[in-house]
Amino acid sequence: MRDVQEAAHVKGVQLQILRAGNEDEIDAAFASLARVKADALLVGTDPFFLSVHEQLVSLVARHAVPAIYDGREFVEAGGLISYGTINTGTWRQVGIYVGRILAGAKPADLPVQQPTTFELVVNLRTAKALGLTIPPSILARADEVIE
C-alpha cells in the first residue's frame with residue numbers, strides 16, 4: 001500500500017484508501033467511494049475480495065466507476081480489467097510443495113518462489129457501458145479480451 005501511495009503522490013493523484021474485511025464493510029466502503037466521487041478504483045489482492053468478487057463487481061457497476069482487479073475472475077464476472085498472476089500455476093506449485101513435504105522434505109529447505117507469469121484481461125462490454133475506449137496498445141498486450 002505504501003508503494004501505491006508513493007506512486008500516487010509522484011503523479012499528483014489524490015488517493016483514498018478504503019478498507020473492508022467483511023460484507024458490511026464493503027457496503028460502507030462503497031458509500032465512501034460515492035461521497036468522494038472517485039474517478040477509479042483499484043481492488044487490492046486479498047482472498048476475501050475473491051470470495052465476494054461478484055458482490056464487488058456488482059457494486060462497482062452500480063457506482064459506474066472504472067476498476068482494476070488482480071484476477072480474471074472479476075473481469076469474467078463483468079469487471080473492467082485485471083492484471084495479476086495466473087492462479088492455476090500458483091496452485092500447481094503449492095501442490096508440488098505439499099507433495100514434497102509429505103514425502104519428507106523440510107519446508108525450510110524448499111526455495112521461496114515468486115510468480116513469473118502474469119495476465120492482462122480486458123472486458124470491452126464493461127468499457128463500453130462506462131463510456132471508455134481502451135487504447136489499442138492495451139488491447140494488443142492483453143492476454144484475453146472479452147467482447
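A: Happy to, and let's start with one side chain: that of Thr-126 reaches the backbone oxygen of Gly-78 at 2.6 Å. Keep in mind throughout that this is a predicted model.

Q: Where does Thr-126 sit in the chain?

A: Thr-126 belongs to helix 7, which covers residues 124–130.

Q: And is Thr-126 buried or exposed?

A: Thr-126 is buried, since its relative accessible area is 16% and the cut-off for buried is under 20%.

Q: Which residues does Thr-126 touch, leaving out those up to four places away in sequence?

A: Those would be Gly-78, Gly-79 and Leu-80.

Q: Nice. Stepping back, how many helices and strands does the protein have?

A: There are eight helices and five strands. Reading from the N terminus, the order is α-α-β-α-α-β-α-β-α-β-α-α-β.

Q: What are the overall dimensions of the C-alpha trace?

A: Along the principal axes, the C-alpha trace spans about 55 × 35 × 30 Å. The protein has 147 residues, and 27% of them are buried.

Q: What about the surface, what does it come to?

A: The accessible surface is about 10100 Å², and carbon and sulfur atoms account for 55% of it.

Q: How much of the contact count comes from residues 24 or more positions apart?

A: Taking contacts with a separation of 6 or more, 52% of them are between residues 24 or more positions apart.

Q: Let's talk charges. How many salt bridges are there?

A: The count is three salt bridges. One of them pairs the side chains of Glu-76 and Arg-72, at 2.8 Å from N to O. Both residues are in helix 5, four residues apart, or about one turn of the helix.

Q: Why would two residues four places apart in a helix point the same way?

A: An α-helix has 3.6 residues a turn, so residues three or four places apart point the same way.

Q: Which other partners does Arg-72 have?

A: Glu-119 is one, with its side chain meeting that of Arg-72 in a salt bridge at 2.7 Å, N to O. Glu-119 lies in strand 4 (residues 118–123) and Arg-72 in helix 5, so this pair ties together parts 47 residues apart in sequence. Glu-144 is another, and its salt bridge with Arg-72 is at 1.9 Å, N to O. Because Glu-144 lies in strand 5 (residues 144–146) and Arg-72 in helix 5, that pair ties together parts 72 residues apart in sequence.

Q: So how does that look when you put the bridges together?

A: They share partners, and in this way Arg-72, Glu-76, Glu-119 and Glu-144 are joined into one network.

Q: Which of those four are buried, and which are partly exposed?

A: Glu-119 is buried, with a relative accessible area of 11%. Arg-72 is partly exposed at 21%, Glu-144 is partly exposed at 30%, and Glu-76 is partly exposed at 47%.

Q: Switching topic: which residues of helix 4 are buried?

A: In helix 4 (residues 53–63), the buried ones are His-53, Leu-56, Val-57, Leu-59 and Val-60. They are on the same side of helix 4 because they cover an arc of only 165 degrees around the axis.

Q: What's on the other side of helix 4?

A: Glu-54, Ala-61 and Arg-62 are there, and they are exposed.

Q: What do the buried residues of helix 4 pack against?

A: They pack against helix 2, strand 1 (41–42), helix 3 (47–51), strand 2 (67–69) and helix 5 (72–76).

Q: And what follows helix 4?

A: Ala-64 does, and its phi is positive, near 50 degrees.

Q: You mentioned helix 2. What does Glu-23 touch there, beyond its sequence neighbours?

A: Glu-23, in helix 2, is in contact with Phe-48, Val-52 and Gln-55, leaving aside neighbours within four places in sequence. The C-alpha atoms of Glu-23 and Phe-48 are separated by 9.4 Å, and the two residues are 25 residues apart along the chain. Glu-23 is partly exposed, with a relative accessible area of 46%.

Q: Last one: which residues make the nonpolar surface patch?

A: Met-1, Val-4, Leu-15 and Leu-42 make it, with an area of about 360 Å². Leu-15 is in the loop between helix 1 (2–11) and helix 2 (23–36), and it counts as partly exposed at 37% relative accessibility.

Definitions and conventions. Residues numbered from 1 in each chain as written. Predicted model: local features only at pLDDT ≥ 70, side-chain atom pairs only at ≥ 80, totals over all residues. Heavy atoms only, no water. Patch = residues over 30% accessible without salt bridge, like charges linked within 9 Å, V, L, I, M, F, W, Y side chains within 5 Å. Areas by Shrake-Rupley, 256 points an atom, 1.4 Å probe, with all protein chains shown as cover. Salt bridge = Lys/Arg side-chain N within 4 Å of Asp/Glu carboxyl O. Helix = DSSP H or I, 4+ residues; strand = E, 2+ residues; numbered from the N terminus. Buried < 20%, exposed > 50% of the residue type's maximum accessible area, 1.4 Å probe, protein only. Polar contact = N/O pair within 3.5 Å; in protein donor to acceptor, adjacent residues only side chain to side chain. Contact = heavy atoms within 4.5 Å. Arc of directions from axis to C-beta.
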